[in-house]
Amino acid sequence: MNPARGSLLGIEHLEASEILKILKFARRMNPDKPRPLLKGKRVLLLFYEASTRTRSSFEIAAKSLGAHTVLIQAVGSSIEKGESLLDTGYTVRAVGADIIVIRHPNAGAPHVMAEHIDVPVINAGDGLHEHPSQALLDAFTILRNKKTFKGLQVAIVGDIFHSRVARSACHLLSKFGVKIILCGPPELVPDVAITLAPGIRGTRHMEDALRGTDVVMLLRVQKERLAGLRIDLPEYIARYQMNMTRLKLAKKDAIVMHPGPIIRGLELTSEVADSQQARILEEVHNGVPTRMAILARAMGKMR
Amino acid sequence: MTEKKRANLPPPGLLIRGGHLIDPAARIDAPMDVLLKNGRVAEVAPPSKIKGSVEEKFDARGLIVAPGFIDLHVHLREPGQTHKETIPTGTAAAAAGGFASVCTMPNTIPVIDSAEWVEWLREPERGAVVNVFGIAAATEASKGLVLTDFRALQIAGAIAVTDDGKPILEDAIMREALVLGGELNFPVVQHAEDTRMTENCAMHAGAQSFRLGLRGMPAAAEASIVERDVHLAMQIPNARLHVAHISTADALKSVRRGKRAKARVTAEVTPHHFTLTDDDMRDYDSNYKMNPPLRSASDLEAILVALADGTLDAIATDHAPHAAHEKEMEFERAAFGITGLETALALAITRLHREKRIPLARIVELFTAGPARCFDLRGRGTLVRGSVADVTVFDPKKKWTFDRTKSLSKSKNTPFDGWQMTGRVVATIVGGKIVYFG
């Protein structure tokens, strides 16, 4: 496959040095001090799936760089009439798209787009596969709080199986030698999950996952993707909900992250969500400069 | 009318001389000349021993002469889906791949579930270049509820029944099919997949499917159905079970057990399942999407053992053509299946013979005597005197590169584009007539 230069399809095949370059550039980006790096460019936001954070964040990022944005959602567009993924791609290309940002419920949809269309394609989340911009903004957030990846231990708790955020995070953190612990029930954390990247281990016990941990990443139980899996929610809460007692097992200066949307009372308690250690809103905030860097890179302006 | 009469005249005699004959059913693996006359094999004799005048001679020096290849599992897409393939294009691809006979799957539109449709398939107007044997649906409209009229289908010319792609899950229906098939000596072909375990799945369940974020089909979805079917075949007198495109180590164990118990169980494997694994799929290329899916490396190892030790009876392509727009899309939504007629022999020679040292005679058996036995194709799969004059001539040493744009199939959905392979078909002869010469 030969995607256009500047495409960002996933973290897995991205070099560590390239990741650091993006994070470094992101630190210089500030939506309150707009820079016209993408002046006159057109960013097409192709959203086949609901999104609040990612969509608004990409939109603000693009506008902060001086680009025009056009949002196309499945509902209310030709997609609803049965237009194929590639035909929609050819159409937005013909309209004059300079960058395509795509969110899609099927894994690999951005790859199919990038294979056929000569415009940088940015994956804003594809099915269960990857969510690279989320992993980058999480790395950005971790580095803001922990200064370095060196010696870090990160526990990822919850629905790993259905999580593109978890897959991208594992690939990214693994490239920097971070110790990764995946924690959850077998239905959500299958044994095969630890084969994703080097340096990953799995556990079924929160205590085991949290001891000595610097960063706790919580994931939502994705009810819409469970498709037949039966998860006993009260039992899940009993075993895996993050509460203040459990949080104390982690390092004193541990931070709590969550890609959102959070469901209070399910994967975490309100106390944890609102605690001093939570970085959930900081992640959202960091999404904008990170995505500015991603968009600038797409146009070869990341210098 | 005169046209038709002329076409029906027996073709002139054809002497294939100078070649090396491999006819596993007759236990021949030696230099032999073969004389074809009146659509039959008239004589097989050591080089230059056949006397008398023959109108046509075929120089087979340096080539292997084999009984015409038989493919037990082909989708020709007629009636109903001629945008994917037609009988003329599909059988032309078959001829180019060395197949003198193909057995077609009934999952067409409409489903081939009546004697009328089986007869329709066999009419000369269909324009087939090679022999077409219809496999009919096992249940009405392949809905898995009511058995079709096996007897009528058999009389109409169907050689087996199957609900390919829509496996028979109900124990009672499968039992009923095997009982009736047993009474009529009619094979029941099963695409073994417990579809209750594979909903929304696009590939094999394993590390690779997890990595790609694709829901995976567990190996058990195949193995559990094969286990059940073999168990039934062992209990029901004369039942004939044929396991289509087997892909997992556990399913092979069941077949082996059935064969040891002398049950009438046969099985086929596709070239892609002995060549590729789930690890080979990159970048969501839907030319690697088929059902059953590419399996793990250990499944592939078990297939190689089963090919060598006789557990497997046939190599069948599961040639499944699809138009580009049905494949170039989201992997999870793309159609299952790949083409395979024109690459089967070369993959077998390259992978099985040259790399895995499986004797050429065994490979020829898997394309000829083996499949002929599975469906009782009398007079085929061998070149003993009096058998049908279907012959495949190939060069086992010829190196070539497959270019899908040159494929004779209407569809180009193959993962083997650009592959360098060894072994190429030189000629395919059907009923004494050369239908392909490359």
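A residue counts as buried if 20 or more other C-beta atoms lie within 10 Å of its own. By that criterion, buried residues make up 49% of the 303 residues in chain A. The model described here is predicted.

**Chain A: overall form**

- Chain A contains 11 helices and nine strands.
- The radius of gyration of chain A is 19 Å, and a compact globule with 303 residues would have a value near 19 Å, so the two agree.
- Along the principal axes, the C-alpha atoms of chain A fill a box of roughly 55 × 40 × 35 Å.
- Among contacts in chain A with a separation of 6 or more, 76% come from residues 24 or more positions apart.

**Chain A: strands 1 and 2**

- Strand 1 of chain A covers residues 42-47, and five of its six residues are buried, so this strand is largely enclosed by the rest of the structure.
- Strand 1 of chain A runs parallel to strand 2 (residues 68-73) of chain A, and six bridges join the two.
- Within this pairing, Phe47(A) has Gln73(A) in strand 2 of chain A as its bridge partner.

**Chain A: the five-stranded sheet**

- Five strands of chain A form an open sheet with parallel pairing, in the order 7-6-5-8-9.
- Strand 7 (200-203) and strand 9 (255-257) of chain A stand at the edges; each has a single partner strand, so one side of each lacks a neighbour in the sheet.
- On average, neighbouring strands of this sheet are turned by 20° against each other, with direction ignored.
- Leu182(A) has Gly202(A), in strand 7 of chain A, as its bridge partner.

**Contact between chains A and B**

- Chain A brings 21 residues to the contact and chain B brings 17.
- On the side of chain B that touches chain A, helix 6 (residues 207-212) of chain B gives the largest share, with four residues.
- By class, this side of chain B has seven nonpolar, four polar and six charged residues.

**Chain B: two domains**

- Chain B is divided into domain 1 (2-65 + 389-437) and domain 2 (68-374).
- The C-alpha centres of domain 1 and domain 2 of chain B are 25 Å apart.
- Where the domains of chain B meet, 29 residues of domain 1 are in contact with 42 residues of domain 2.
- On the domain 1 side of this contact, strand 18 (391-401), strand 19 (420-430) and strand 20 (433-437) of chain B each supply at least two residues.
- Strand 19 of chain B supplies the largest share of that side, eight residues.
- The side of domain 1 of chain B that touches domain 2 of chain B comprises 16 nonpolar, nine polar and four charged residues.

**Chain B: the four-stranded sheet**

- An open sheet in chain B has four strands in the order 5-4-1-6, with mixed pairing.
- Strand 5 (40-45) and strand 6 (56-59) of chain B are the edge strands, each pairing on one side only.
- From one strand to the next, the twist in this sheet averages 20°.
- Strand 1 (residues 14-17) and strand 4 (residues 33-37) of chain B run antiparallel and are joined by three bridges.
- In this pair, Ile16(B) stands opposite Val34(B), which lies in strand 4 of chain B.

**Chain B: strand 10 and its partners**

- Strand 10 (residues 131-137) of chain B is mostly covered, with seven of its seven residues buried.
- Strand 9 (residues 99-104) of chain B runs parallel to strand 10 of chain B, and four bridges join them.
- Val102(B) has Val132(B) in strand 10 of chain B as its bridge partner.
- Strand 10 of chain B is also joined by three bridges to strand 11 (residues 160-162) of chain B, again in parallel.
- Ile135(B) stands opposite Ala160(B), a residue of strand 11 of chain B.

Conventions. Residues are numbered from 1 along each chain as its sequence is written. Chains are lettered from A and ligands numbered from 1 in the order in which they are written. This is a predicted model: local features need pLDDT of at least 70, side-chain atom pairs count only at pLDDT 80 or more; totals for chains, interfaces and linings use all residues. Two strands pair if DSSP finds at least two bridges between them. Axes are lines fitted to C-alpha atoms, for helices over the stretch in contact, and angles run from 0 to 180 degrees between N-to-C directions. The radius of gyration is taken over C-alpha atoms; the globule rule is 2.2 Å times the number of residues to the power 0.38. A residue is buried if 20 or more other C-beta atoms lie within 10 Å of its own, exposed if 12 or fewer, and partly exposed in between; C-beta atoms are placed from the backbone. Two residues are in contact if their C-beta atoms, placed from the backbone, lie within 7 Å. Ala, Val, Leu, Ile, Met, Phe, Trp, Tyr, Cys and Pro count as nonpolar, Asp, Glu, Lys and Arg as charged, and the others, Gly among them, as polar. Domain bounds come from an automatic or database domain assignment.
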